[in-house]
Amino acid sequence: MPEGHSLHRLARQIDDVFGGQVVRISSPQGRFSVDAERIDGEQLDLAFAKGKQLFCRFSNDLYLRVHLGLYGAFSFGGDSHFVGASSIGAPRKIGEKEVSGDEAPADYAGPPEPVGAVRARIVSEHGWADLRGPTACEVLDFDQVQVQLSKLGPDPLEPAAIEFRSSRTQSSTDASQAALEAGYKEFRRNLTRTKAAIGTTLMNQSVISGVGNIYRAEALFRNRISPELPANQLSAQKAKSLWLDIVSVMEDGVRDGKIITTLPEDRQEWLPVWPDNAYYVYQRQGMGCRRCSGQISMAEVAARKLYWCPKCQKLPRQKR
């Protein structure tokens, strides 16, 4: 399932391709046809993400909500005005997929014929996007959107999203720092309310939104936190370090279009950064730890694979 950085990249690309333009919305597959009619021919005002969900606001005050889930993905194309990835979305057996776009064709005659089960198609004068395989694709009003947003915990990428929007409008970025602090405080409060293991808690989208299996494993390793530690036992200092680190690595993911969490000094010089040197623990079970003499472990926890180094991520000693 795509993690939060992919949805924020997706929101930026949709803004770039369709923002401020009247768009045609259809459902070649047919499953989205009724909702598509509600926003067809409207201007797409804004696209934004929270956690693993995408929202597009239209000029008639309706919103498109998309949750890609395990198999959802957008493909894109267009004329010389189109710049960006040709595909952003979910795993295709070998991992999360994002394909860089080639040069746009000189002669653009509109989108190609739909291929496969296209749930929703967005078309403007200069570009198109096809959505396949999402878990959710629906049109909501403002109040319904607020209900969806209220279910989600703080988004580590909200400060970066504010800065991005501010750079386009040349407005103040003061709100970015405020969002960073507010996000941490909400994250900290959420942690104190549960005795569940931090390794499970970080995957709970109501505690922190956008963190998936890779960021969960890598952030806990980078901060030397045992995945077994009860979330409410994490100190305020450790919780803030964890929050800021997640913010940092996820912002890197937005910039790079892929998850790379290792520092240069921890990589094997004779191997490429991606994918061989990208992670500390994720999918490295049985391999040597990059920072100690230990071996990376893996276990099934809540139907997901959890990776960690038993030596670097020991449980703290209980106080007597």
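This is a predicted model: local features need pLDDT of at least 70, side-chain atom pairs count only at pLDDT 80 or more; totals for chains, interfaces and linings use all residues.

Strand 9 covers residues 118-123, and six of its six residues are buried, so the strand is largely enclosed by the rest of the structure. Burial here stands for under 20% relative accessible area. Strand 9 pairs with strand 2 (residues 24-26) in an antiparallel arrangement, through three bridges. Within this pairing, Arg-121 of strand 9 has Ser-26 opposite it. Strand 9 also pairs with strand 10 (residues 127-132), again antiparallel, over five bridges. Here Val-123 faces Trp-128 of strand 10 as its opposite residue. Three residues separate strand 9 from strand 10, and the two strands form a hairpin.

Met-1, Leu-70 and Tyr-71 make a nonpolar patch of about 310 Å². Tyr-71 sits in the loop that links strand 5 (63-67) with strand 6 (73-78). Its relative accessibility is 57%, and Tyr-71 therefore counts as exposed, the cut-off for that class being over 50%.

Arg-224 is not a glycine, yet its phi is positive, at about 55°. The loop between helix 8 (236-256) and strand 12 (297-301) holds Pro-275, and the peptide bond joining Trp-274 to Pro-275 is cis, with omega about 0°. Gln-283 also lies in the loop between helix 8 and strand 12. Gln-283 has a positive phi near 55°, although this residue is other than glycine.

Conventions:
Residues are numbered from 1 along each chain as its sequence is written. Side-chain values use heavy atoms; hydrogens and water are left out. Helices (H or I, at least four residues) and strands (E, at least two) are DSSP runs, numbered from the N terminus. Patches are made of residues with over 30% relative accessible area and no salt bridge: like charges are joined within 9 Å, nonpolar side chains (Val, Leu, Ile, Met, Phe, Trp, Tyr) within 5 Å. Accessible areas come from the Shrake-Rupley method with a 1.4 Å probe; for residues, only the protein chains shown count as cover. A salt bridge is a side-chain nitrogen of Lys or Arg within 4 Å of a carboxyl oxygen of Asp or Glu. Buried means under 20% relative accessible area, exposed over 50%, partly exposed in between (1.4 Å probe, protein chains only). Two strands pair if DSSP finds at least two bridges between them.
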